[in-house]
Amino acid sequence: MQAVQQQERQLVRTADVDLRADDVLKAIGQVKDRARAVGGFAGQENSTKRSGSVTVRVPSAELDKLVQDLVNVGEVTRSEVKSQDVTDQLVDVESRIATQKASVERLRALFERAGSTSEVAQVESELTKRQAELESMQRRSESLKGQVAMATLTVDVATTPIAPPEEEKVGFLGALAGGWNALVAVTGVILIGLGAMLPFVVALGIPAFVVVYLLRRRRRVTRMNEAG
């Protein structure tokens, strides 16, 4: 029973794979060929001789097999497969579609029985609004069903291994590194401020020094004259 329930779940599946290959363009071509071979198709592609990426859509049931088969295309340095359960979203949308359809049918019946021009205009306006909402819900339903049916695989290819994202440091070492980085940043700000102030200090400091020197010299001369 549990296996049946699991199969009934509506899952949107995605995968991201990093590959290292000597020939990037050839590797991307092989990824697209393998996607087409299982009933999929290629989407967005961006590539150069040194690196590139391609996104393909394949039947969800074929995703795991295709990801495993990529070891024959190049060196797999990272592989991540995700699944998002959208069962509740689909059930909710389908329920709202059924309710909206019934509402549209009732309005159509009222429109047929409308007598006055103002009554016709009022019912027609509301009917147009609800019909638009119904079509929006139907597009949402079709989009979710399409994502469930066709999984998305993104493959990044490079001639050198793609560096994995740096893990965030935690604990004492992380705090120590964070404190050191903060100290370096604050010291840099202080040095920049001193550098900005230095020209003004030099420009104002020399005249001030001259004035102080002259005043002190004048005082010494005055004291010597008074003593004489």
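**Sheet and helices of a predicted model**

Helix H4 (residues 87-113) has 27 residues and spans 40 Å from first to last C-alpha, close to the 39 Å expected at 1.5 Å a residue (1.5 Å times one less than the number of residues). Helices (H or I, at least four residues) and strands (E, at least two) are DSSP runs numbered from the N terminus. The model is predicted: local features need pLDDT of at least 70, side-chain atom pairs count only at pLDDT 80 or more, and totals for chains, interfaces and linings use all residues. Residues are numbered from 1 along each chain as its sequence is written, and side-chain values use heavy atoms, without hydrogens and water.

An α-helix has 3.6 residues a turn, so residues three or four places apart point the same way.

H4 and H5 pack at about 155°, their axes 9 Å apart (axes are lines fitted to C-alpha atoms, for helices over the stretch in contact, with angles from 0 to 180 degrees between N-to-C directions). H4 is therefore roughly antiparallel to H5 (over 145 degrees).

S4 belongs to an open, mixed sheet of 5 strands ordered S2-S3-S5-S1-S4; pairing requires at least two DSSP bridges. Strands S2 (41-47) and S4 (75-85) are its edges, each pairing on one side only. S4 pairs with strand S1 (residues 11-20) in the antiparallel sense over 10 bridges, and Arg 13 stands opposite Ser 83 in S4.

Key
Angles under 35 degrees count as roughly parallel, over 145 as roughly antiparallel, 65 to 115 as roughly perpendicular and the rest as oblique.
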